[in-house]
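Hi everyone, thanks for coming. Let me put the structure up on the screen, and then we can walk through it together.

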Amino acid sequence: MNKTVMLFLSLFIAGFAQFVSAQDAKPNVVIIYGDDVGYGDVGVYGSKMIPTPNIDKLADGGIKFTDGHCSAATCSPSRFSMLTGIHAYRHDIRILAPNAAMAIPTDILTLPKLFKKAGYETAVVGKWHLGLGDGKNKVDWNGEVKPGPIELGFNYSFLLPSTNDRVPCVYLENYRVVNLDKNDPLYVGKLPAGAKSTVYPDARETPEAMTYYKSTHGHNNTVINGIGRIGKMWGGKSALWNDETMADEFVKQARSYISTQKKSDKPFFLYFSSQDIHVPRAPHPRFQGKTKLGHRGDAMVAFDWATGEIMNALEENGMTENTIVIFSSDNGPVYDDGYDDGTKVKTSTEEADHGHDGSGPYRGGKYQIYEGGTRVPFIIRWPAKIKAGQTSAAMVNQIDFVHSFANYLNIDLADDEAIDSRNMWQAFMGEDKKGLPYMLEEARGLALRKGDWKYIPSLKKMRRSKDGKKSQVVTKAELYNLGEDKGEQNNVVEKYPEVAKEMDALLLKLKNSDGIRK
Ligand code: NG6
Ligand code: CA
């Protein structure tokens, strides 16, 4: 062979090898997770009153799912399920208190552990609300706060520990509270005898301290930044977060994480968990007044901005093409969740005085078993593999991320791992337009979806009458055909007793099983 041919051949082989490795390079994965963002709060899902150009662009570049769900109608349960592939009711997980212990056991498989096994770097930035500490020992906020995300498989974490309406109102980076002054120790719950830490106003004694806005039901303990919070905290004054710059802080952290990853030869998984649009909604002044919907609408504009920033960070680092971006929410919309923040929208269209309905055409929202509780915006973009501009009506659920990624990354799941997680890779990639054959939905009780059918079993509930007397009521079972009744208005349980019976039996079987997969 002459030299020119040799050179040509070796260049060709090198180029081909590079091409193959680029094709095979594992994609980065970013989950952008909203808090209380409803189906109807996003432009491409029908919102006309809140502009969301960045989220819309994300959807245009990939798949918009119209039947995509979080596993439950509240935060901690949904996050628990997304990260473990296990239904939250099996572990009795409800909304966690400010000083709750970590809800996810450290010895089970989690989504970040799975990515780690596949050679990924992993990080979480933003709202946690899955508890911290082992529950046996009191969390020492002045020392190392653990176990936490690191023990669950995240290499790096920058957290809002609970929710933005709960104490402690500080950021936690890995094991440490950020900017804590040891002369002003931080305590959550009770102030130890003799401790000398900053005392904050208690809204029950000094309601006038709530200068940012007034709050009701339960948000009336510690007042931080003029906002009443759930729970008591002392000290840590130098570490307090600023509510109005929280979105900027999380974006800054995520941006810096993404650019650091550029230097690494490993792919990464980033769980970006925004506090928007949960109460107390306190968007930065540059977003205030951007909608006619008060702080709730404006917080959504801030979240759209944050989403755009994550996309920009990927673009600036040349990562757009081979990064899977998943955009979704932890539960459906809520309007007045305890703060007088100018939000006037209500769940039902008749009452919506601004004409905006955060649950879109669906009934109910946060806390509720109707579709609005768990059917949320659900977008997946992956330019390298997924054709842009798709809409999919496949029924999909965040609880299936664990198994689906395990399948994609060639990691076997043991029978007792992620027991409720099914492999929905084809549906997530837009190749299967049907998705799940059936699915549980979780609020205070369970409901079952099977195709267009939605079944809510009869429930025993305690009710209090006007004169304060408690009594037990048994609600009627409900059956809806979402194909013709999206809004769950016509209960057809009496018209289709056979369907109801079948669904009741399946729901019970799944509920009491050792996992949906079995
Ligand atoms: C409720 C709070 C609500 C919100 C919710 C958790 C009261 C009366 N309400 O208990 O404001 O914090 O818990 O929201 O305290 S979630 O999105 O994290 O599930
Ligand atoms: Ca939430």
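Let's begin with a loop: Pro147 sits between β3 (121–127) and β4 (156–160), where strands are DSSP runs of E with at least two residues and helices are runs of H or I with at least four, numbered from the N terminus. The peptide bond joining Lys146 to Pro147 is cis, with omega about 0 degrees.

Before going on, some housekeeping. This is a predicted model, so local features need pLDDT of at least 70 and side-chain atom pairs count only at pLDDT 80 or more, while totals for chains, interfaces and linings use all residues. Residues are numbered from 1 along each chain as its sequence is written, chains are lettered from A and ligands numbered from 1 in the order in which they are written, and side-chain values use heavy atoms, with hydrogens and water left out.

Back to the backbone. Another cis peptide bond links Asp276 and Ile277, with omega about 10 degrees, and Ile277 belongs to the loop between β11 (268–273) and α6 (294–316).

Now, which residues come nearest to ligand 1? Of the 20 around it (a heavy atom within 4 Å), they are Cys75, Asp165, Arg166, His219 and Lys366. By class, that shell holds five nonpolar, seven polar and eight charged residues; here Ala, Val, Leu, Ile, Met, Phe, Trp, Tyr, Cys and Pro count as nonpolar, Asp, Glu, Lys and Arg as charged, and the others, Gly among them, as polar.

Oxygen atoms of the ligand have some polar neighbours too. A polar side-chain atom of Arg166 is 2.8 Å from one such oxygen of ligand 1, a polar contact being a pair of N or O atoms within 3.5 Å. For His278, a side-chain N or O atom lies 2.9 Å from a ligand 1 oxygen, and for Asp337 a polar backbone atom lies 3.2 Å from one. Taken alone, ligand 1 exposes 450 Å², and the protein buries 85% of that (Shrake-Rupley, 1.4 Å probe).

Finally, the overall picture. The protein has ten helices and 20 strands. Its radius of gyration, taken over C-alpha atoms, is 24 Å, close to the 24 Å from the globule rule for 518 residues, so the protein is as compact as a globular protein of that length; the rule is 2.2 Å times the number of residues to the power 0.38. Along the principal axes, the C-alpha atoms fill a box of roughly 100 × 70 × 45 Å.

Definitions and conventions: A polar contact is a pair of N or O atoms within 3.5 Å; within protein, one must be able to donate a hydrogen and the other to accept it, and residues adjacent in sequence count only if both atoms are side-chain atoms.
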